[in-house]
Amino acid sequence: MMHRFSRELTLAVTILLLMLALAVFAHGYFSAENMADLFLENMPVMIVALGMTLTILTGQIDISVGSIFAVSSVVAAVAARAGFSLLTSALVACCVGALCGALNGVLVAYVRVPSIVVTLATMVALRDALRWLTQGAWIGNLPDHFQWLGTSQRSFTLATLLLLVVLIAASALGLHNLRVGRAVYATGSNAAAAHRVGIDTSRVTLAVFTLTGILTGLAAMLNATRFNQVPSNSGLGLEMKVIAAVVVGGTAITGGSGSIAGTVLGVILLGSIGTALTFLGVSAYWEKAFEGAIILGALSLNVLASYRARHRKEALLAV
Amino acid sequence: MRFRLGESRLFANSEGILLLALIAQVAFFAVTAPAFLTWGNGFEILRFSVELGLLAVALTPIILTGGIDLSVGSTVGLAAVVFGVTWDHGRLPIGVAILAALLTGLACGALNALLIARLRLPALVVTLGTYSLYRGIAEGLTHGMASYTGFPAGFLQLGQGYLWGVVPLQLPIFALVVAAYAIYLHRSIHGRALYAIGFNSEGAQYAGIPVAKRLAWIYLLSGTVSGLAAIIYVSHLGLAKADLGTGYELEAIAAVVLGGTSVFGGRGNLLGTLLGLFFLSILQNGMHLLAMPSELTGVLTGLLLLGVVSADRLRSKRVGAAPAPRWKWAIGAVAAVTLIALVFVVRQKATQGSAAGGQHRMVIAVMPKAKGDPYFISARAGAEEAAKELGAELIWDGPTSLDASQQNELVESWITRGVDAIVVAVENKGSISTVLRKARAHGIAVLTWDADAEPNARDFFLNQATPEAIANTLTDEAARLIPGDAQFAIVTGALSAENQNEWIADIKKRVAERYPRLHLATVQPSDDDRDKAFAQTQTILKVYPQVKIVIAISAPAVPGAAAAVEQSGRKDVDVIGLSLPSICRAQIHSGSIQTIVLWDTRNLGYLTVYGGWLAAQKKIASGATEVDAGRLGRLVVRGTEIILGTPLIIDKANVDKLNF
Amino acid sequence: MGTQIEDSKIVLSLADIQKSFAGVRALRGVSFELRAGEVHALIGENGAGKSTLAKVITGDLLPDSGTVEVFGNSIAENSPIVSRQLGIAAIYQQPSLFPDLTVSENIALALETGGGLRRVYWKARNQRAKALLERIGSKLDPWRLARTLSMAEQQIVEIAKALGTDARILLMDEPTAVLTEREAEHLFGLVRRLREDGVAIVYISHRLEEILASADRITVLRDGERIACRSASDVDRPELIQLMVGRSIGSVFPKRTVPIGDVALEVPGAFSVRRGEIFGLAGLVGSGRTELARTLFGLTPSGSTIEVNGRPVRIDSPAQAIREGLGYLPEDRRLHGVVLEMTIAENVSLASLATVSRHGLIDTTAEESLAARYVSDLRIKAPSVNVPVGTLSGGNQQKVALARWLVTTPRVMILDEPTQGVDVGSKAEIHELIVQLAEQGMAILLISSELPELLGMSDRIGVMRGGTLAGILNRDEATQESIMSLAFGHSTGAA
């Protein structure tokens, strides 16, 4: 089954070409420093994208992650300022994320409201509720040990890198080698059949939304600790970045097909574009247009590949 | 011939619930909100529903066929920019510009149609891509130039004028489009085909329906209608800008979904969409008239969306077992919604009522550019202080994000509500002046602050500092900090922000005149997001290692840029900018921010209310050169501008003395 | 053998099961019992309640009242999971697989139970899949994605799934509907083996020959009630039909000789169909019959030219096919034949909206009267023309699908399995209708897997094999044997 990984391959080749161009034209792009900065910048997107991959694999979508991100980071900061330990604050952030995610999940799985409607509503409601409650104020006066989790910048970067590797490996292995992982694919591929073989699809759906919430909370906490104060409007547009990365990574929006490896590559490709353009001296005004073109380009590549496969099959059947 | 819409499909979905909710909502606002139930207010609601309404109408057949179009808002932005470019740059007649905008919409729709209908790509993903692409092209096309204004009066009539003195001119256009879509969707062969596709697209294909062609049509139409919406929007605001229509896609989808159209395809109709649309617009209008904060509207919209759709789902789940309780659900939903709204309002009224005496208090409405911006939040404290001192009632509300049309809408509802003074921080000069003139015509004192409108649209401008003064102070400060030849970089807010572009232009001018040894390396946007400013600054430091000073001209960007410099370990790079002491204090002390330039925002806030209070009582004589502004003492009046004072230069020495 | 079964223990017993949908009573106090080692057939017209009863057994539906006992234990809260644990497995008419997953995983997901945090053993999964497939005599590659399988291959995976559970009770709902004769034969062999192992089998089918050949007992349902439960050796075909429909229907096909006219459809180098002629198309599933029909109708354009009414045309889309005078009643009624959510009137007019509209606008009055005419002509049982087609029985749905094409007055009508999954009464009515259409001068291309139907209805029969036409038989030379020998190529008599 050569073509099983064709999407990931296409993507990897695209990234390689981009890297090659950057290595030749953009001096200093591959410095350790830039790599570390790029990593930290895209870390939240990466973490949330892991959850989003699961959500999209089950055939759902979550556009409320940006708002959950903002709510979690503010709550975590408030908790830290109130004297909670860092670990407790992080737990609080994850719990807030889990609660918001679970709310989405219950409405999607048990009330059976389409996920795009549910998360559109929670996206608006959470964001505006946060605006209302904080009145836009930033959370400052954080304890000294809040930034970098009380460690140095370097060890924080290494620690998050390690954590991220563990998270990616865990989700990739879990999806491939655990029954629950296969249940996610099964639910997205054919929910009725999944129900018939005894998979509790509602629970699977609830679980992926909750997990996405937890990961969003975690991402918010890790991002917040990079600075000494927490703005109340963070995560604007995060949902679009994350969904775009997952989709560019080849996960089918209809569910059932896709991989963590693809998502990782998608995040890398989209995450490096903005910075790469600056390095290449392209005006920032065109960045968004490039992003859109890349999403469409990746999509069209997928289609071309599957067209070829389909035509081969039809040729066999032609009378 | 009969109209099928009227029978089997009318109450098939959640329209029943929605209609009841709408009636309950109107009844509720009629009782509680001043001047809600008037013809004038009704037509204003309609006027502000037109742009969104056009998009919602165009989205209905798309969602009905199980598709989605996230690019409509971006198409509005791109079409508006093309309209502006054609008219302003190309010096072509307005008719040609209109045609160009419509063609742009058509082209945007055509790309979607090609990818979705022809190549069979999932609509959500395709339009997610074109959502970025179209907005990106609009931004790319306008870069450097903020916006296009100064359209001929005849054209502006289209969006701002009245028919018979009361019917907004764009309303007949909207009605025409709705009627055309109603016929298209509910009476024509095409419409029937769309329903068949929505229920079962393969089955439709087996019945000989050219599925791809029919789908291509609705995406083409949606692009074109978005182009039309852009033209009306431009005429309504009197300005064409790259960020027009931001977020409209989600609002339009919310209206369609609220109207009972199923995202799974097949179910739904235009009547529902209109009900959903009006439900949302009336909610917004009513909340404004009640002087409830704008954020609450967002929260309520979200909750209502969940409530109505959940009620519909729960109902249809149970229909099989027992068809009777559907009305119970409907009534339950409406009761719950009304109850929630009532609780909020009663609570709000109670807090207001206890403060209010008995006799008439002066009502002064102050609008920031956007709520949630720390700069404006610090001004609010001053405004509240002045209101308390003067015994006036303060309404403090604004758009939740930078949005010129929401500013207009708020002013309209304040006129309807009947306030004594309106004080606006103008987002866009061209777009707000018409409505401000209308307020003046109603005998309301109109003042502007932070940024000015057209001079004849307001009584006074509360001038905290001119753009030139700000730019000059910043440039001089930069020149003072770095001796000799050096490069500097600017981190701005959004690329389409008007006042920031003005500052950039003035900085360039000052550098050219006074400091030829300084060189501007690059301008990068931060979208008013601290984290993005951080990442941009990191990149700037690496790509332009000669940059010795970063000038950040958006409040959240300054701490972001400073954090980037701090974490890079570069001791030789300075950060200065325009920001608030409250969010920069720590970094000013640590030395990563050298200087921020600002005026006393708290005093500015104080002046908004105080100035409004004076102007409403006509206590500022024409030709006066000085005015007594309470605790601010005597302020200079220059023509119709009240001068707050010179910008403050804030650094280590004085930052702790400032409490904003 | 009969006495043996009488003595063996009762493994499943349903008593007085009631079930209603939206006020319509689908089951009215049905009782049913199943003994170990018997094949118990469940027959009845469409809408008689067979599938509902099957779903009550598997726990997909909960009865409104009545008791379900498995191995002597009363089951209060049945569910697919509970029934599976009790050793009940089911094979449905329509395979329900995961299109994005491999064959081996499709089988594994049905068999693996227990905690979600357990590991997946891919190697073991593949070995088991291979072993199960071999047991049914299939050489399917366990690595293939289910979306690449044909209907018959999917059904094979379903059977492998059911086998893998080591079920003591096996429910088969029209398992042969999408299978070829040979695959069906193979399946019967399997059923016999399972029965000898003591598995109790509930067998639902419309094919009476199948049932009479392999069932031990037969329960007949009609209108949600149990009409009879007989030993298979005590009944014959006419009696069963009479029990099912409540009246007797001759099993003869209504074929009448009609004058054959000019060539209406010509596929160069293959075959031609004349006006008034019924041209049967036989072949194994996967031999390319449906693909041929889809190509002719422009659903999968091939770019090659055919002749319609003597005029060469290249058909690229269904819309063009309709304009050229072609009609196509597809094989999958629920997915392709009708739009279930739309009303009868909307379905009937869907392929010819122009005839009920003026200036592109639909005249609903004209549309409804058109539909009403066909409802009465085709004797479609429905409360009004404004009810969704999904609420009708299978046979009536098929008549609506057919009515849609009659409105277009095609000169060439392609009928793909027109009576599959249709009850006996409707089946005869559809046969009569086909003959009438031929009499009116329509050229008919009849695709069917049911040989008696083809033999009884067709003037000539084309047989397909491996994507090409293997031969054409005239009415007098066509027999089950001659068709099968063409369909299988040289391995004659294997079936």
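Hi everyone, let me start with one residue, C:Ile444. Setting aside neighbours within four places in sequence, C:Ile444 is in contact with C:Ile278, C:Phe279, C:Met413, C:Leu415, C:Ile434, C:Leu437 and C:Ala438. Please keep in mind throughout that this is a predicted model.

The chain is divided into domain 1, running 2–245, and domain 2, running 263–488. Taken over C-alpha atoms, the centres of these two domains of chain C are separated by 31 Å.

How does the overall size look? For 495 residues, a compact globule would have a radius of gyration near 23 Å, and chain C has 24 Å, so the two agree. Along the principal axes, the C-alpha atoms of chain C fill a box of roughly 65 × 50 × 50 Å. As for burial, 51% of the 495 residues of chain C count as buried. If you take contacts in chain C with a separation of 6 or more, 67% of them come from residues 24 or more positions apart.

Now a helix in chain C that I'd like you to find on the screen: α15, residues 394–407. After α15(C) comes C:Thr409, with a positive phi near 40°.

That brings me to backbone angles. Most residues other than glycine have a negative phi. C:His359 has a positive one, near 50°. You'll find C:His359 in the loop between β17 (357–358) and β18 (361–362) of chain C. Is C:His359 buried or exposed? It counts as exposed, because it has 6 C-beta neighbours inside 10 Å, and the cut-off for exposed is 12 or fewer.

B:Lys618 is found in the loop between α23 (601–616) and β15 (626–628) of chain B. With 10 C-beta neighbours inside 10 Å, B:Lys618 also counts as exposed.

So, on to chain B as a whole. There are 23 helices and 18 strands in it. Its radius of gyration is 27 Å, close to the 26 Å that the globule rule gives for 660 residues, so chain B is as compact as a globular protein of that length. The C-alpha trace of chain B spans about 80 × 65 × 50 Å along its principal axes. Buried residues make up 63% of the 660 residues here. For contacts in chain B with a separation of 6 or more, 76% are between residues 24 or more positions apart.

A helix to look at in chain B is α20, residues 530–543. Its 14 residues should span 20 Å at 1.5 Å a residue, and the end C-alpha atoms are 20 Å apart, so this helix agrees as well. α20(B) is mostly covered, with 14 of its 14 residues buried.

Last topic: the interfaces of chain B. On one side, 63 residues of chain B are in contact with 61 residues of chain A. By class, the side of chain B that touches chain A divides into 36 nonpolar, 16 polar and 11 charged residues.

And towards chain C? There, 23 residues of chain B are in contact with 28 residues of chain C. The elements of chain B that give two or more residues to this side are α8 (189–199) and α9 (201–206). The side of chain B that touches chain C has 10 nonpolar, 8 polar and 5 charged residues.

Methods: Residues numbered from 1 in each chain as written. Chains lettered and ligands numbered in written order. Predicted model: local features only at pLDDT ≥ 70, side-chain atom pairs only at ≥ 80, totals over all residues. Contact = placed C-beta atoms within 7 Å. Helix = DSSP H or I, 4+ residues; strand = E, 2+ residues; numbered from the N terminus. Nonpolar A, V, L, I, M, F, W, Y, C, P; charged D, E, K, R; others polar. Rg over C-alpha atoms; globule rule 2.2 N^0.38 Å. Buried ≥ 20, exposed ≤ 12 C-beta atoms within 10 Å, placed from the backbone. Expected span 1.5 Å × (residues − 1). Domains from an automatic or database assignment.
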